[in-house]
Amino acid sequence: MTEKITVITGGNSGIGKYTAEAFVKRGFTVYDLSRREIANKGIIHITADVTDENQVKSAVGRIIDAHGKIDIVINCAGFGISGAVEFTELEEAKKQFDVNFFGTVNVNKAVIPHMRKNPGRIINISSVAAVAHIPFQTYYSASKAAVESYTNALANEVRPFGISVTSIEPGDICTPFTQAREKSFDGDDVYGGRISRSVEGMEKDEQKGMSPEIAGEYIAKIALKKRVKPVYAIGASYKILSVLCKAFPCSLRNRIVGMLYAR
């Protein structure tokens with residue numbers, strides 16, 4: 001069997017970790033690009049901050065020097081912030097986009113020149129929040145919506161080179177993502193406690209969500225398909241939710257999401 005190379009950002013925790021493990025089980029050589037190393041058996045760690053274009057280029061270059069190709073890239077690195085737009089510092093919003101959106105861009109930009117010579121697959125991890133726009137998690141939703149628009153446009157740009165690009169929308173997954181969310185309750189009194197109620201509800205849903213092992217297996221399964229669709233949602237209920245969010249009139253969709261998360 002020809003050696004297969006997978007590169008996963010954020011492969012040291014959460015969905016990224018279990019996706020990496022799913023590929024190791026399938027006999028792939030798996031690289032994790034992340035800022036911090038956590039010992040994961042069978043996974044090769046390279047320290048790289050996805051927001052640093054030079055670090056990403058260097059990491060990708062090392063992998064290409066070692067193997068001559070990269071077959072699959074999965075952009076899992078990301079984090080969340082929450083709070084009211086009115087009270088969120090712009091620097092925090094920019095940091096959200098730097099990791100979730102431009103981090104993905106940096107990795108793909110470094111990989112595509114090599115994939116034009118040896119075609120591969122790029123998977124960008126989005127979120128159901130990209131289509132169900134969550135109040136008090138506005139910048140997270142916006143960053144993931146940007147990932148989906150970017151993914152669809154990029155897919156058409158690189159298709160003639162045999163490179164396929166798709167996005168995957170996780171819903172509520174029980175991972176350390178919840179604890180890592182950077183929360184701000186500034187202005188909660190002005191908003192009648194709606195900020196804290198919204199975040200508390202979101203976090204309860206996440207902690208009752210799908211296990212990251214199942215999500216990782218699903219991502220690996222999609223990555224190994226012969227052909228991929230532009231977007232996938234993880235889990236039957238979220239597939240239905242994603243379809244309904246895209247099919248419903250915007251006013252109805254927003255009213256329903258508001259009833260759930262902006263009360």
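The exercises below, each with a worked solution, concern the sheet and the helix packing of a predicted model.

**Exercise 1. Determine the strand order of the open sheet and state which strands stand at its edges.**

Solution. Begin with the order, which for the seven strands of this open sheet reads β3-β2-β1-β4-β6-β7-β9, with parallel pairing. Next, look at the two ends of that order: β3 (43–47) and β9 (231–233) each have a single partner strand, so one side of each is left without a neighbour in the sheet.

**Exercise 2. Describe the pairing of β6 with β7, and find the residue opposite Arg121.**

Solution. Strand β6 covers residues 121–125 and strand β7 covers residues 164–169, and the two pair in the parallel sense over five bridges. Within this pairing, the residue that stands opposite Arg121 is Ser164 in β7.

**Exercise 3. Identify the strands across which α2 and α7 lie.**

Solution. Take helix α2 (residues 53–67) to begin with: this helix lies across β1 (5–9), β2 (29–34) and β3, and runs at about 165° to β2. Then take helix α7 (residues 212–223), which lies across β4 (72–75), β6, β7 and β9 and runs at about 150° to β6.

**Exercise 4. Classify the relative orientation of α3 and α4, and characterise their contact.**

Solution. The axes of helix α3 (residues 90–115) and helix α4 (residues 138–158) come within 8 Å and cross at roughly 20°. Since angles under 35 degrees count as roughly parallel, α3 is therefore roughly parallel to α4. The crossing of these two helices is right-handed. Among the residues that meet are Phe97, Phe101 and Ile112 in α3, and Tyr140, Tyr150 and Leu154 in α4. Sorted by class, the contact of α3 with α4 comprises 13 nonpolar, five polar and one charged residues.

**Exercise 5. Carry out the corresponding analysis for α1 and α7.**

Solution. Helix α1 (residues 14–25) and α7 have axes that come within 7 Å and cross at roughly 55°. An angle under 35 degrees would count as roughly parallel and one from 65 to 115 as roughly perpendicular; α1 and α7 are therefore oblique to each other. Their crossing is right-handed. The contact includes Ile15, Tyr18 and Phe23 from α1, together with Pro212, Glu213 and Ile219 from α7. By class, the residues of the contact of α1 with α7 divide into nine nonpolar, three polar and three charged.

Notes: Residues are numbered from 1 along each chain as its sequence is written. This is a predicted model: local features need pLDDT of at least 70, side-chain atom pairs count only at pLDDT 80 or more; totals for chains, interfaces and linings use all residues. Side-chain values use heavy atoms; hydrogens and water are left out. Two strands pair if DSSP finds at least two bridges between them. Helices (H or I, at least four residues) and strands (E, at least two) are DSSP runs, numbered from the N terminus. Contact means heavy atoms within 4.5 Å. Axes are lines fitted to C-alpha atoms, for helices over the stretch in contact, and angles run from 0 to 180 degrees between N-to-C directions. Angles under 35 degrees count as roughly parallel, over 145 as roughly antiparallel, 65 to 115 as roughly perpendicular and the rest as oblique. A crossing is left-handed if the near helix is turned anticlockwise from the far one by less than a right angle, and right-handed if clockwise. Ala, Val, Leu, Ile, Met, Phe, Trp, Tyr, Cys and Pro count as nonpolar, Asp, Glu, Lys and Arg as charged, and the others, Gly among them, as polar.
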